[in-house]
Each structure stands twice: as structure tokens, then as C-alpha cells.
Amino acid sequence: MDKELSIIITCWNNWRLTAKCLASIFKSSYLKEKYQIIVVDNNSTDKTETLLNYLVEVGEPIIYLKQKENMGFVKGNNIGWNYVNSPYCLLLNNDAFVDPTCIEKMMNIIKSDKKIGVVGANEFLPDGRESKKKPFVFFKPNGLLDPVLKDLKDLGITFNLNINSIGCN
């Protein structure tokens with residue numbers, strides 16, 4: 001496990017937004033050595049491929065996954081999920097731009113207590129209004145939530161945590 005955080009971005013066209021999203025991550029106070037970015041390109045026909053190939057070539061921490069067809073947002077995230085090899089994952093829309101301290105703050109919160117499994121962030125629109133979308137960080141299911149699930153089971157609460165799809169509104 002090389003990196004502490006994997007960031008999955010699924011995109012289809014809109015290379016300028018993807019570039020701005022990536023630039024906001026690169027400008028983040030969260031150290032580049034601690035994360036990898038997994039970009040799932042749903043067969044973009046604009047300059048997305050050129051942009052991402054260039055960023056990979058110059059050594060940015062990006063895994064670029066070009067798809068042969070548009071798999072959609074949820075399937076795109078699931079494809080990216082297969083490349084996550086870190087204990088934390090952030091799903092980020094390609095039209096979202098992170099505040100310079102956002103990732104570091106969310107990571108500090110989620111690492112502060114083993115009982116915390118999900119951390120949400122507020123998203124603000126360019127005009128300053130709060131969006132209803134919530135980018136979030138969560139644990140990759142690897143046994144870290146087992147004590148919490150056991151406690152819930154003891155209370156008679158059970159549910160399945162298998163991830164069949166990842167999506168958000």
C-alpha cells in the first residue's frame with residue numbers, strides 16, 4: 001500500500017473542468033506523495049485523453065483508465081474502485097474543485113477516530129450557494145468496520161456492506 005488516499009474521478013468530455021478539478025487537487029495542502037488519482041474516462045471525444053496522457057507523462061500521480069464506451073458515472077466509479085489500494089478513498093466529480101485545505105481536513109477527521117467510517121464535505125457553487133452534492137471520503141472495506149458491524153449485529157441490526165455500485169445525487 002503506497003498511498004494513504006485514492007481519489008476517483010469519473011469523466012466524460014469536459015476536459016477543461018477535469019483540468020480545473022485536477023489543478024485544485026494539485027494545489028491542495030495535502031501532500032502529493034500521499035495520494036493517487038484514478039481517472040476513469042468514459043470514452044471522451046474531446047481533449048480529455050490528451051490532457052490526461054500529458055499529466056501521466058510528466059509524472060503526476062494519476063492512473064488513467066480510458067474506457068471503450070461510456071459506462072456512466074456509477075460503473076465508472078466501480079471501475080476506478082478496482083484500482084484503489086489505499087485505506088481511504090475520495091469520490092470526486094470532475095466538475096468539483098476542492099478548497100486548498102479540504103482534503104487535509106477531511107483526512108485529519110477520518111483518521112482521528114477508528115469509529116469514523118465516512119466524512120462528508122460541503123460543496124459550494126460558483127455563486128456561493130451550497131450544493132446538494134456531497135463529495136465524501138470512506139474506508140475501503142477491509143475489516144476496519146468489523147467491530148462496528150459486530151456492535152450493530154449485537155443490537156439486532158444487520159445489513160450488507162458489499163459495494164455493488166457507488167453513486168451519488
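Buried means under 20% relative accessible area, exposed means over 50%, and partly exposed lies in between (1.4 Å probe, protein chains only). The model shown is predicted: local features need pLDDT of at least 70, side-chain atom pairs count only at pLDDT 80 or more, and totals for chains, interfaces and linings use all residues. Residues are numbered from 1 along each chain as its sequence is written, and side-chain values use heavy atoms, with hydrogens and water left out.

**View 1. Asn 13 and Asn 14 sit in the loop between β1 and α1.** Helices (H or I, at least four residues) and strands (E, at least two) are DSSP runs, numbered from the N terminus. Most residues other than glycine have a negative phi. Asn 13 has a positive phi of about 60 degrees, although it is not a glycine. Asn 14 is not a glycine either, and its phi is positive at about 55 degrees. Asn 13 counts as buried, at 13% relative accessibility. Asn 14 is partly exposed, with a relative accessible area of 43%.

**View 2. Ser 24 lies in helix α1.** Ser 24 counts as buried because its relative accessibility is 10%. A polar atom of the Ser 24 side chain lies 2.7 Å from the backbone oxygen of Cys 21. The side chain of Ser 24 also reaches the backbone nitrogen of Val 98, at 3.0 Å. Leaving out residues up to four places away in sequence, Ser 24 touches Ala 96, Phe 97 and Val 98 (contact: heavy atoms within 4.5 Å).

**View 3. Strand β2 is mostly covered.** Seven of its seven residues are buried. In a regular strand the side chains alternate between the two faces of the sheet. On one side of β2 are Tyr 35, Ile 37, Val 39 and Asp 41, all buried. On the other are Gln 36, Ile 38 and Val 40, also buried.

**View 4. Strand β2 pairs with β1 and with β3.** Two strands pair if DSSP finds at least two bridges between them. Seven bridges join β1 to β2, and these strands run parallel. Ile 7 stands opposite Ile 37 in β2. Five bridges join β2 to β3, again in parallel. Val 39 has Tyr 64 in β3 as its bridge partner. β1, α1 and β2 make a right-handed β-α-β unit. β2, α2 and β3 make a right-handed unit as well. Right-handed means that, with the strands pointing away from the viewer, the path from the first strand over the helix to the second runs clockwise.

**View 5. The largest nonpolar core holds 28 residues.** A nonpolar core is a set of buried Ala, Val, Leu, Ile, Met, Phe, Trp, Tyr and Cys residues joined through side-chain atoms within 4.5 Å. Leu 5, Ile 7, Ile 9, Ile 25, Ile 37, Leu 92 and Ile 103 touch the most other members. Elements giving two or more residues include β1 (5-11), α1 (15-26), β2 (35-41) and α4 (102-111). α4 gives the most, with five residues. A second, separate core has nine residues, among them Val 40, Leu 65, Cys 89 and Leu 91.

**View 6. Helix α4 has buried residues along one face.** Cys 102, Ile 103, Met 106, Met 107 and Ile 110 are buried in α4. Seen down the axis of α4, its buried residues fall within an arc of 125 degrees, so they line one face of the helix. The arc is that of the directions from the helix axis to the C-beta atoms.

Notes: Polar contact = N/O pair within 3.5 Å; in protein donor to acceptor, adjacent residues only side chain to side chain.
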